[in-house]
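Morning, everyone. Please look at the sequence and the model on the screen, and then I'll talk through a few features.

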Amino acid sequence: MSLSNILREGILVRTFTAEKISIRAACIEEWDSVFRFYYDLIEDMHDSGIPLGWEKNIVPSEKFIKKSILKQELHIGESAGQVAAAMVVNSECDEEYSSIKWQVRAEQQDVMVMHSLGVLGRYQGQGIASRMINHAYLTAMRTNKKAVRLDVLKNNIKARELYEAMGFKYIDENKMFYKDIGFIDFVFYELAL
């Protein structure tokens, strides 16, 4: 069942177990908290052996985080006043997206792209990532987008399973180049709206 069908039937909202999580755009005054979140997230992933592929101060970069906050594209999930999750939602994408044969034909400004979604280890398993994805979906619907797209590291099986469970369709695989890391294998997903 696709995410849109689940949402229409009201099922998805009832499946969330995250208590008192609020999701909203971060403001520039929260820059330190958001940057610390990504720093802690990367440490969590390295400590747990999850192959995130991110590196402190490189991916996501300080410049990317700050720009996303200033443009109100970085959204945080807060629990008890703490940043538990974060992601960027906008219509920007890497050039490799242009070589992908997407199911939905749309100009780039007509799609929402999710970037840098993460949940701190102590908050995982509570449905927070699902709530964040749902927030991106609702943001895309509110802004009349035709699809939500994303890329995820090929070896991040847990995230891939979540996206597929939320109705995203596997589209393709490709390598993307990051100056400080090199070429990395990614899988591309799309949710038609």
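How many cavities of 30 Å³ or more does the structure hold? One. Keep in mind that this is a predicted model.

Let's start with that cavity. The largest cavity has a volume of about 40 Å³. Its lining is made by Phe35, Tyr38, Tyr39, Ile42, Lys56, Asn57, Pro60 and Ile65. Which helix gives the most to this lining? It is α3, with four residues. By class, the lining of the largest cavity has six nonpolar residues, one polar and one charged.

Now the helix pair. Helix α3 covers residues 31-48, and helix α4 covers residues 62-70. Their axes come within 11 Å. They cross at roughly 135 degrees. As for handedness, α3 passes α4 in a right-handed crossing.

Who makes the contact? From α3, we have Trp31, Val34, Phe35 and Tyr38. From α4, we have Glu62, Ile65, Lys66 and Ile69. Sorted by class, the contact of α3 with α4 has six nonpolar residues, two charged and no polar ones.

Last stop, the pockets. I'll take the second largest pocket, with a volume of about 240 Å³. What lines the second largest pocket? The residues are Cys93, Tyr97, Ser98, Ile100, Lys101, Trp102, Val104, Arg105, Ala106, Glu107, Gln108 and Arg149. The lining of this pocket divides into six nonpolar, two polar and four charged residues.

That's the tour. Over to you.

How values were computed: Residues numbered from 1 in each chain as written. Predicted model: local features only at pLDDT ≥ 70, side-chain atom pairs only at ≥ 80, totals over all residues. Heavy atoms only, no water. Axes fitted to C-alpha atoms, helices over the stretch in contact; angles between N-to-C directions. Helix = DSSP H or I, 4+ residues; strand = E, 2+ residues; numbered from the N terminus. Left-handed = near helix turned anticlockwise from the far one by under 90°. Contact = heavy atoms within 4.5 Å. Nonpolar A, V, L, I, M, F, W, Y, C, P; charged D, E, K, R; others polar. 1 Å grid on protein atoms, 1.4 Å probe; cavity = no way out; pocket = protein on both sides within 12 Å on 5 of 7 lines; lining within 4 Å. Points joined across faces, edges and corners; volume = space filled by probe spheres on them.
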